[in-house]
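I opened a new notebook page for this one.

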Amino acid sequence: MKTIVTGGAGFIGSALVRKLIKSLEYEVMVLDSLTYASQMDSLEEVSESELFSFSETDICDSNSLIEIYETFQPDFVFNLAAETHVDRSIDSPELFLKTNIIGTFSLLEVSLKYWRHLDATSKDKFRFLHISTDEVFGDLKENEPPFKETNNYDPSSPYSASKASSDHLVRAWHRTYNLPVLLSNCSNNYGPFQFTEKLIPLMIVSALRGLKLPIYGNGKQIRDWLFVDDHADALIKIIHEGLVGESYNIGASCEKTNLEVVEEICNVLDETQDTKPNGIKSFKELISFVDDRPGHDQRYAIDSSKINKELGWHAVESFQSGLRKTVDWYCEAIEKLPYQGERIGKSRE
Ligand code: NAD
């Protein structure tokens, strides 16, 4: 299968590309504009493969997209290119609207023109999978059931509003033009190669450097955590077996408060690090609380029973084992990681 992965130099995109090439032997073209969040190192494992190609392309650039589609002739397109950091979206929303909304629109337009000119067999085979987030559903109260695919959209931040908007466009291109699209809405991911501004890597990297571990508000905000490789498996399942026009929620039913997550990271580090920085006895001594994020959602939780039942996908990694793999990876990579000290005054998710 010839597969385009937009945002393939990012955290989840690169995990997907590694799987598509190493496990499925698909021919993959990564389209990525290489923003601050990209890490070409994450593709090192596959970059020498003859199945791999890369184009430094912005998904808003329709002319380049047209050329790439014409020469590469994709069967599948996974759209993961996005601006993804909620705090950055609060500071400067414009880029989020541009990439997440206009970029998705450009991809849909180019995909539609391309798809319409395919022969009948290729037309049947073609799929466009748009990767989205549980944040489009907004905020859950403590006693409310987890988000189902049928929940109303109610986004809170410029990031989630831009993702919600792109989801609506994708559905409209199916309803109006029959483009064979699928959508997925996933909970918080963690794992190797996540950019060091997001909660889990920020905490690991800060702890290893003996810096404070700043937690927003009281740390009781709840997120539902999924190991990145499980997410990549779910996306592969959806593009092959999902029903066109449908959306699938992806999660591991692993709800934890931010404080619990940081404490678990500290436990792993306490166990594995013989030498601790700045004379501390436990990494928990570094935990500190900072002013809450404006409009901060209190709880996200995903009901993934649809993908469990209809496609037979289940998360396989437990939080304990996934976190251990993640911490080990950051400990190993610490020297090569970009320093986020200037953004460290506040906790990031
Ligand atoms: P990321 O920030 O790590 O990577 C995004 C990638 O997209 C980067 O490589 C970046 O260079 C690229 N990119 C950004 N703007 C671009 C543009 N205009 N043109 C081409 N490439 C561009 O993001 P991620 O965490 O891997 O998330 C991938 C997708 O999954 C996003 O759509 C995000 O909304 C969604 N998602 C993420 C999570 C999570 O926990 N990380 C959870 C649910 C859904």
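Entry 1: I began with Glu 246, which counts as partly exposed because its relative accessibility is 29%. My cut-offs: buried is under 20% relative accessible area, exposed is over 50%, and partly exposed is in between, with a 1.4 Å probe and protein chains only. Before going on I noted that this is a predicted model, where local features need pLDDT of at least 70, side-chain atom pairs count only at pLDDT 80 or more, and totals for chains, interfaces and linings use all residues. Residues are numbered from 1 along each chain as its sequence is written, and side-chain values use heavy atoms, with hydrogens and water left out.

Which residue does Glu 246 form a salt bridge with? I found Lys 306, with the closest N and O atoms 2.5 Å apart. Glu 246 sits in the loop between α9 (228-241) and β10 (247-250) and Lys 306 in helix α11 (residues 305-311), so this pair ties together parts that are 60 residues apart in sequence. A salt bridge here means a side-chain nitrogen of Lys or Arg within 4 Å of a carboxyl oxygen of Asp or Glu. Helices (H or I, at least four residues) and strands (E, at least two) are DSSP runs, numbered from the N terminus.

**Entry 2: Lys 306 itself.** Is Lys 306 buried or exposed? I have it as buried, because its relative accessibility is 16%. Leaving out residues up to four places away in sequence, Lys 306 touches Glu 149, Glu 246, Ser 247, Tyr 248 and Leu 311. Contact means heavy atoms within 4.5 Å. I also checked Lys 306 against Tyr 36: they are 270 residues apart in sequence and 35 Å apart in space, C-alpha to C-alpha.

Entry 3: How many salt bridges does the rule give? The count comes to 14. One of them joins Glu 45 and Lys 22, whose closest N and O atoms are 2.2 Å apart. Glu 45 belongs to helix α2 (residues 44-47) and Lys 22 to helix α1 (residues 11-22), so parts 23 residues apart in sequence are tied together by this pair. Both Glu 45 and Lys 22 are exposed.

I then looked at Glu 317 and Lys 325, a salt bridge with its closest N and O atoms 2.8 Å apart. Glu 317 is buried, with a relative accessible area of 17%, while Lys 325 counts as partly exposed at 43% relative accessibility. I also jotted down a network: Glu 271, Arg 324 and Asp 328 are joined by salt bridges that share partners.

**Entry 4: α1 against α9.** These two helices pack at an angle of about 65°, and their axes are 9 Å apart. Axes are lines fitted to C-alpha atoms, for helices over the stretch in contact, and angles run from 0 to 180 degrees between N-to-C directions. On the α1 side, the contact residues are Phe 11, Ile 12, Ala 15, Leu 16, Lys 19 and Leu 20. On the α9 side I listed Val 228, Asp 229, His 231, Ala 232, Asp 233, Leu 235 and Ile 236.

I picked out Asp 229 from that list. Asp 229 counts as partly exposed, at 29% relative accessibility. Which residues does Asp 229 touch, not counting residues up to four places away in sequence? I found Ala 15 and Lys 19. Asp 229 and Leu 182 are 47 residues apart in sequence and 20 Å apart in space, C-alpha to C-alpha.

**Entry 5: nonpolar cores.** A nonpolar core is a set of buried Ala, Val, Leu, Ile, Met, Phe, Trp, Tyr and Cys residues joined through side-chain atoms within 4.5 Å. The largest one has 35 residues, and those with the most contacts inside it are Leu 16, Val 17, Phe 78, Leu 235 and Ile 250. Elements that each supply at least two residues of this core include α1, α9, β10 and α11. Another core, apart from that one, has 29 residues, among them Ile 204, Ala 207, Leu 323 and Tyr 330.

**Entry 6: positive phi.** Most residues other than glycine have a negative phi. I noted Glu 25, with a positive phi near 55°. Glu 25 lies in the loop between α1 and β2 and counts as exposed at 59% relative accessibility. Phe 193 also has a positive phi, near 70°. Phe 193 is in the loop between β7 (188-190) and α8 (199-208), and counts as buried at 13% relative accessibility.
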